[in-house]
Each structure stands twice: as structure tokens, then as C-alpha cells.
Amino acid sequence: LFAHTYKSSNFLFYNLQQGPKAFLKMSDPAAMVAEINDKVAAHSAEVSATVEKLAAAADVKMLVVGDGIDVDIGEEGKTLKIHGASYGDAGWSDVADGVNGAIANGKFTVAGGVHSVLGDPAPGVPKTFVVFYSVF
């Protein structure tokens, strides 16, 4: 909590939590107001970024496909966020970096199976591709 008193060109600032020893005189109240506004703007930007992340995470989709299946996720002109991706059989490989590297214009599109883009970790063995993603 803050109490503010303006007196001529001095700005008297009292922090109620600190007690009477917390008086501070400033000769430039505009500088104090600008500093407070900057801190509020920075905090607002952090809050906005957090809200955007939470909103994106609230709409996480999952796709599970087997070998040789076409994959088409995302939406052209939007942002495709990959939260996680795995590919394999009994030994799963983290392929999130490979999926992120193959995103073009907000889409991850593969014809004939993801092995053509991500490689084949176990040739001749049936595999599954799992991806968690958001589009915003």
C-alpha cells in the first residue's frame, strides 16, 4: 500500500508496510510516475504472455497415427505449437525437434507417413506417431 502527498515540487512517498522510516523525498514526481508506469507495463506484458500460453495449452490436441498414414495438422497462416512428439514401436524416439523443423506456414503436412520426414527408427517394424499440438 502506498500513500502519496504532493507538496510543491517535492514528492513525498510513504510505504505503509515499512513504517515511518520509509519516507522518501523526490524532486521529480514525473520520474517516479514514469517508473511506476514502466513497471506496470512490464508486468502487464508478462501477464499477457502467460495468458496466451495458458490459452494455447487449454486447447491441446493429440494425433496418433500408424506407419504410412498421411499427417496434416495446423492451419495455414496460424501458429502451430508442438508440445511433444514421439515416434516408434517399443522404443520411442522424441521427434519434437524434427516436427518443428518441418513446419511450414503454420502446418505440418506429410504424405505417406512421417518416416519420410523423420526417418525410420526401426525399419520393417510397425510404428506409431504421437503428437500433442495447439493451433492459434
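Visitor: Is A96 buried or exposed?
Guide: A96 is buried, at 13% relative accessible area. Buried means under 20%, exposed over 50%, and partly exposed in between, with a 1.4 Å probe and protein chains only. Keep in mind that this is a predicted model: local features need pLDDT of at least 70, side-chain atom pairs count only at pLDDT 80 or more, and totals for chains, interfaces and linings use all residues. Residues are numbered from 1 along each chain as its sequence is written, and side-chain values use heavy atoms, with hydrogens and water left out.

Visitor: Okay, what does A96 touch?
Guide: Not counting residues up to four places away in sequence, A96 touches I82, G84 and A85; contact means heavy atoms within 4.5 Å.

Visitor: How far apart are the C-alpha atoms of A96 and G84?
Guide: They're separated by 5.5 Å, with A96 and G84 12 residues apart along the chain.

Visitor: New topic: what's the strand order in the open sheet of four strands?
Guide: The order is β4-β9-β6-β7, with antiparallel pairing. Strands are DSSP runs of E with at least two residues, numbered from the N terminus, and two strands pair if DSSP finds at least two bridges between them.

Visitor: Which are the edge strands?
Guide: β4 (61-66) and β7 (92-94), since each pairs on one side only.

Visitor: And how many bridges join β6 and β7?
Guide: Three, in the antiparallel sense, with β6 covering residues 80-88. G88 stands opposite W92 in β7.

Visitor: Where's F132, and is it buried or partly exposed?
Guide: F132 sits in strand β9, residues 128-135. F132 is partly exposed, at 36% relative accessible area.
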